[in-house]
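Have a look at the sequence and the 3D picture, then read on.

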Amino acid sequence: MSIYYDETLRVFHLQTPGSSYVLQIIQDGHLSHRYWGARVEAFGDSNPAVYMDRPLSANPYPHGKGSGFSLDTQPREYPGYGTSDFREPAFQFECEDGSTVVDLRYSGHRIFPGKPALEGLPATYAESDDEAETLELELRDNVTGLRALLRYTVFARHDAIARSVRFINDGRGRLKLLRAISASVDFGDADFRMLQLSGGWSNERNALVRPLCKGLQSVESKRGASSAQHNPFLALLRDGAGEHFGEVYGFSLVYSGNFYAGAEVDQYDTTRVVIGINPFEFSWLLEPGESFQTPEAVLVYSSGGLDGMSGIYHRLYRSRLARGKYRDKERPVLINNWEATYFDFDADKIEQIAVKAAELGIELLVLDDGWFGRRDDDTSSLGDWFVHEAKLPNGLGDLAERVKAKGLEFGLWFEPEMVNPDSELYRKHPDWAIHVPGRPSSTSRNQLVLDFSREEVCAAIVEMLSGVLRSAPISYVKWDMNRNMTEIGSAALPPERQRETAHRYILGLYRVLEELTAAFPDVLFESCASGGGRFDPGMLYYMPQTWTSDNTDAVSRLKIQYGTSIVYPASSMGAHVSSVPNHQTGRVTPLEIRGHAALSGVFGYELDLTALTPEEEELMKEQVALYKRIRRTVQFGDFHRLLSPFEGNEAAWIFVSEDGKEAAAFYYKILARPNSALRTLRLRGLDPRARYRVYGAEPAGAGALADWTSGDEGGTARYSGGAAGREEGGTERYGGGAAGRGEGGTARYGGGAAGRGEGGTARYGGEEAAGNEAARVIGGDELMNIGLRVPAKLLKGDFKSHLWWLERVE
């Protein structure tokens, strides 16, 4: 980590452990972007800028034809519009005379240790000054008195650059900000493909890739939230780059509202990428002396493909974006009552679920929608954050204590940003909803959006929620948001500031979250927005995990979680097992694959535990025990994608523990194909010099194939894939896992890590073995280059999965 300034070349060289970012002060104080890519130790200008006249590319004053100098042909660092650059601008202002020409030039800089916080906004951080170094460039427009402070932070242990801009009106007149991009980067060519994460409700964050072409290609949100439709992220992949090889450039915005991210290819096949607040319907009035801070953009370069880029984002966001007690703490296994009861429950029903949850080893019960006001359906009571006495006559405190008496923690659902027209809050304060006077308001899910741009609304919500959280032993909050903005306006703002409403709303939301998370540091907060409709870095700053999607179907979740992992770590992904037929897709999948999909995130259940069969109960006990065994590795280990569900009929990934001593590899097959080929899975992230004890590997030897395909007679290897069932005296049936660790236990799951307990017997792939003979010791180089045989028994049948558990041999 270092930032250098070469006074001779007037070059700033920013270095991360594996990348370099170079910008230069050129003629007349303009800023030129010179390089971003693999680290170079010293920048000697081997590829100098070229000035040449181009047709229809104007020359900025005082240059004329023949000078060769035009901003339209130069790679720029933070471009404006109107002074000869016709490409996408990073900023735009309207001056008091109605003009929009602002010309920002270099006026100074400073380099300092550490990383300053952004006022009112979430951002990555450094816990000590030696973790990061920051460059602050000051630009000025001499006509208006506008100043812009461009900040760049590099990290000692992360190959990332954090960028943001602060605009300050030092002039005598008003300025109206029309466009405030957080980061702009110019590339000298267009030999890229663009990756975006797009979809919709219950189908979030599909990984879509398309080649760049001339013109604009972009993703955005106009919904008042980052949205399920497009994530505030894009990446450029060099031609030939893929999952594990090639150059990738990532752009991620730490923001939860309307955003814009786009790539423009111009007439000379150069590419400009911009990311920031969406300029659509946005403006911000700056009176003299006032300032505006943009959200932070986090830029990542990887020479190791998407896998390398994702690893950088995962480690940075997990450790230096998420905050609080649960940043580094393992998250509990939970049961949520929503799909079990919907609105139809009482205290006794919830207690029955808690009793069964305790028997299964679950650690947290979450009471979802319907506990407040007169909330018996979705038509009323949002905003009335007091107990529904007909359902809970003895209050939340009584129910929470009954749940805790069963050995579980107690959590609660809120939707604080919303209000139903049929509510006491709305009848008392109808002007507290976002609306345009004189026009009817659209509803969605029978609700309106509270105006969080108003301080009194935010204060009222903080007071109501604080009262509830103090009324009972609540250790978890699910914070939901189930509609987007329409008729955007605020009764508290004058006409010239109405287009500030959507951004002021987000600032108010962040203020509320900051107050509540600071006041209740022992509460685990999880964000939700009709599932993954606001899964963004901004929310992760306040809540370390997000409900990934309302769609809990195992097959759908393979794509949703795979796509989400492009940027976000597994510790941020809520993942639950639900009942079948699935409530979103109607699909019926085995409990095994539902478990394996959910085990790859922050694990839990969302079904009626009181309606399980004995076999389901036994298997779910094993799943819970398995997750507790691998939880640290899944939530805080390094994650590598192995097979993409967007490219075929399979998915696979591996988690490797922080210290490299353990790993869990998951394989999923979606549909059976006739007479299909045997499959091999090459692992990643292991130490090629180390040897690993592998549980779940197929046995070596000529007799193996007959055992794999012989079926499951006599209760041997009944399920494929899972390391579970470590209870004393338990019977292990969860295939592919680390099984049989309890005293006297019998392992019946094919491919399991069985027989570790005293006297335990492991039925392993048709062979019986005692103790560690159930596992195989294999070199890391072999596992990554030759790979593991996917059990042949998975060839038959739909929706199959398998898990391998690895332990490094010391």
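Here is a short briefing on the overall build, the barrel and some salt bridges.

Keep in mind that this is a predicted model, where local features need pLDDT of at least 70, side-chain atom pairs count only at pLDDT 80 or more, and totals for chains, interfaces and linings use all residues. Residues are numbered from 1 along each chain as its sequence is written, and side-chain values use heavy atoms, with hydrogens and water left out.

**The big picture**

- The protein has 13 helices and 42 strands; helices (H or I, at least four residues) and strands (E, at least two) are DSSP runs, numbered from the N terminus.
- Its radius of gyration is 28 Å, close to the 28 Å that the globule rule gives for 810 residues, so the protein is as compact as a globular protein of that length. The radius is taken over C-alpha atoms, and the rule is 2.2 Å times the number of residues to the power 0.38.
- Along the principal axes, the C-alpha atoms of the protein fill a box of roughly 90 × 65 × 45 Å.
- Of the 810 residues, 63% count as buried (buried is under 20% relative accessible area, exposed is over 50%, and partly exposed is in between, with a 1.4 Å probe and protein chains only).
- If you look at contacts with a separation of 6 or more, residues 24 or more positions apart account for 68% of them (contact means heavy atoms within 4.5 Å).

**The barrel**

- Eight strands make a closed barrel, in the order β21-β22-β23-β26-β27-β28-β29-β30, with parallel pairing. Two strands pair if DSSP finds at least two bridges between them.
- Neighbouring strands of this sheet are turned by 30° against each other on average, direction ignored.
- Trp 479 stands opposite Ser 527 in β27.
- Helix α6 (residues 455-471) packs on the sheet and touches β23 (409-414) and β26, with its direction at about 160° to that of β23. These axes are lines fitted to C-alpha atoms, for helices over the stretch in contact, and angles run from 0 to 180 degrees between N-to-C directions.
- Helix α10 (residues 591-598) also packs on the sheet, touching β29 (573-578) and β30 (602-606), and its direction makes about 170° with that of β29.

**Salt bridges**

- The structure holds 62 salt bridges, each one a side-chain nitrogen of Lys or Arg within 4 Å of a carboxyl oxygen of Asp or Glu.
- Glu 138 and Arg 147 form one of them (2.9 Å, N to O), and both residues are buried.
- Lys 478 and Asp 368 form another, at 3.5 Å, N to O. This pair links distant parts of the chain, 110 residues apart: Lys 478 is in strand β26, while Asp 368 is in the loop between β22 (364-367) and α4 (395-405).
- Is Lys 478 buried or exposed? Lys 478 counts as buried, at 6% relative accessibility, and Asp 368 is buried with a relative accessible area of 4%.
- Asp 431 and Arg 454 meet at 3.2 Å, N to O. Asp 431 lies in the loop between α5 (424-428) and β25 (448-449) and Arg 454 in the loop between β25 and α6, so the pair ties together parts that are 23 residues apart in sequence.
- Asp 431 is partly exposed, with a relative accessible area of 30%, whereas Arg 454 is buried at 9%.
- Salt bridges that share partners join Glu 127, Glu 131, Arg 157, Arg 320, Arg 327 and Asp 328 into one network.
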